[in-house]
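Here are my notes on the fold and on a few residues. Please read them next to the model.

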Amino acid sequence: QVQLVESGGGLVQAGGSLRLSCAASGRTFSSYAMGWFRQAPGKERDIVAAISWGGSSTYYADSVKGRFTISRDNAKNTVFLQMSSLKLEDTAVYYCAAGRRAVVAGSRTARDPDEYDYWGQGTQVTVSS
């Protein structure tokens, strides 16, 4: 069992930056691939970024490449999402997720929410003009 708690969301102006954190409970955190998803009102939950259990492999949605960076600290059971050059369209609730069997390997990366086992409660990110 893994419990996830996101933090770091908030209101930021376009062009600004935010750093999201996801703290995980459980001794098996390092066994899970981790993903960040986001969901805007009326839209589906889409993957933003993912990172393999050891951190050696990452994946980014095309819409955030070059602006967002995912990282993890297995010693602290935490995964991060550094978001820069934020745009209005980045406004959404951001969720972190843990997937025991989720693959993070280029085009084979697990992008379907159903491939992840545990979810946080979400944190709101609002980008204003």
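A polar contact here is a pair of N or O atoms within 3.5 Å; within protein, one must be able to donate a hydrogen and the other to accept it, and residues adjacent in sequence count only if both atoms are side-chain atoms.

1. Basis. This is a predicted model, in which local features need pLDDT of at least 70, side-chain atom pairs count only at pLDDT 80 or more, and totals for chains, interfaces and linings use all residues. Residues are numbered from 1 along each chain as its sequence is written, and side-chain values use heavy atoms, with hydrogens and water left out.

2. T109, polar contacts. The side chain of T109 reaches two backbone atoms. One is the oxygen of G106, at 2.8 Å. The other is the nitrogen of A105, at 3.0 Å.

3. T109, setting. T109 sits in the loop between β9 (92-99) and β10 (118-119). Strands (E, at least two residues) and helices (H or I, at least four) are DSSP runs, numbered from the N terminus. Is T109 buried or exposed? T109 is buried, because its relative accessible area is 4%. The cut-offs are under 20% for buried, over 50% for exposed, and partly exposed in between (1.4 Å probe, protein chains only).

4. T109, neighbours. Which residues does T109 touch, leaving aside those within four places in sequence? They are A50, Y59, V103 and V104. Contact means heavy atoms within 4.5 Å. A49 is 60 residues away from T109 along the chain, yet their C-alpha atoms are separated by 9.7 Å.

5. Fold. The protein has eleven strands and zero helices. Among contacts between residues at least 6 apart in sequence, 60% join residues at least 24 apart.

6. Dimensions. The C-alpha trace spans about 40 × 30 × 25 Å along its principal axes.

7. Burial. Of the 129 residues, 45% count as buried.

8. Positive phi. Two residues deserve a look. N77 has phi near 50°, a positive value in a residue other than glycine. N77 lies in the loop between β7 (68-73) and β8 (78-83). N77 counts as buried because its relative accessibility is 19%. S85 also has a positive phi near 50° and is a residue other than glycine. The place of S85 is the loop between β8 and β9. S85 counts as partly exposed, because its relative accessibility is 43%.
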